[in-house]
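I opened a structure today and kept notes as I went. The entries below follow the order in which I looked things up.

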Amino acid sequence: MILDKKFEKEILNVSCRAALSSFYFIGKKDKIAADKAAVDTMRSELNKIDMKGKIVIGEGELDEAPMLYIGEEVGNNNGPELDIAVDPLEGTNFAANNLPGALSVIAISTKSNLFNAPETYMNKISANVKENNVVDLDFSLAKNIDNLSQYLNKKPSELTACILERPRHKKIIEELRNLKVKIKLISDGDISGALLVTDKKYNVDLFLGIGGGPEGVLAASALDAYDCFFQGRFIFETKKDKLRANEMGIEDFHRKYNLNEIISGDSIFCATGITSGDLVTGIEIDNTEFISETLITHKSTGLKKVIRIRQKI
Ligand code: VTB
């Protein structure tokens, strides 16, 4: 099933309005308030849309309400059944500290086409590669770099790998250095990191490492529209994680998922800038209006571009 084109405009509006709400909390050193503003606006805007929507990737579980929790129903109930993944404020640190890269992110798909997963970590890899077996989560880093270097016809020293700066990545970063690969370290915001492989202008050839699972699912939706490669493996560490994963139908805790097992069928993805970053610029206020930039993709129509719009506040 294909998502009607009208949803492009509606989802775009949801992410722009959520970004605006969060924008008022930029640099206020209050991650929770910035996040809550985006969540509340996302919910009220989603509830205006003709759909029977269900949050499958959200801000937590029911007991953590009033977040947009996994399983929450949104929309006015007059329309198609849709699955929705949200990260109303991706980069809470960026927003709180007025740093580049805070985004409001949402993806929708037709029912049952978006992976239903609890909030855990995920080991991820993405590259602008059309074939399988060039890069793979199960290959050694050296093999991934060697294959990618042949595929892109670049020397390893000409490749750039993007990774979150975390102690857990110390070994990978060291190995990349030994392989002479250029490193782009990011402090947060790995949806953006994963998407930097989509266009040559970002100068990133490979994204890898462990970040949030929900962020992985959201990035996969946009990467699908760009026909890029993505794999993810959820990390279920605690008993609670495993129990929750089981309840959601996940039996094999070590399974590696290819992009189309995470997102299949049609999807629309929107990431609106709150503060300016690599992908989009941040919100600009002009009297009673605001200007926003959104990276929007729609798999079935081939839409993939940055849209700059002006709206009434
Ligand atoms: C990433 C990043 C997020 O969390 O997923 C990261 O995209 C992973 O978690 O912006 P840790 O910070 O625990 O490593 C964020 O940084 C914050 O949600």
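Which residue in E4 stands opposite Glu90? I found Leu103 there.

**Entry 1, ground rules.** I noted that this is a predicted model, in which local features need pLDDT of at least 70, side-chain atom pairs count only at pLDDT 80 or more, and totals for chains, interfaces and linings use all residues. Residues are numbered from 1 along each chain as its sequence is written, and side-chain values use heavy atoms, with hydrogens and water left out. Helices (H or I, at least four residues) and strands (E, at least two) are DSSP runs numbered from the N terminus.

**Entry 2, around E4.** I looked up how E3 and E4 are joined: they run antiparallel, with 7 bridges. Two strands count as a pair if DSSP finds at least two bridges between them. E4 also pairs with strand E11 (residues 267-273), in the antiparallel sense over 7 bridges. There, Ala107 has Phe269 of E11 as its bridge partner. Strand E4 (residues 103-110) is largely enclosed by the rest of the structure, because 8 of its 8 residues are buried. Buried means under 20% relative accessible area, exposed over 50%, and partly exposed in between (1.4 Å probe, protein chains only).

I traced 6 strands in the order E7-E6-E8-E5-E9-E10, with mixed pairing. The edges are strand E7 (182-186) and strand E10 (257-258), each of which pairs on one side only. Strand E6 (residues 160-164) pairs with E8 in the parallel sense over 2 bridges. Leu206 in E8 is the bridge partner of Ala161.

Helix H1 (residues 6-23) has 18 residues and spans 26 Å from first C-alpha to last, close to the 26 Å expected at 1.5 Å a residue. The expected span is 1.5 Å times one less than the number of residues. H1 is mostly covered, with 13 of its 18 residues buried.

Of its 25 lining residues, Asp87, Glu90, Thr92, Glu119 and Glu215 are the closest to the centre. A pocket is, on a 1 Å grid over the protein atoms alone, an open set of points where a 1.4 Å probe fits, with protein on both sides within 12 Å along at least five of seven lines; lining residues have an atom within 4 Å of a point. E3 gives the largest share of the lining, 4 residues.
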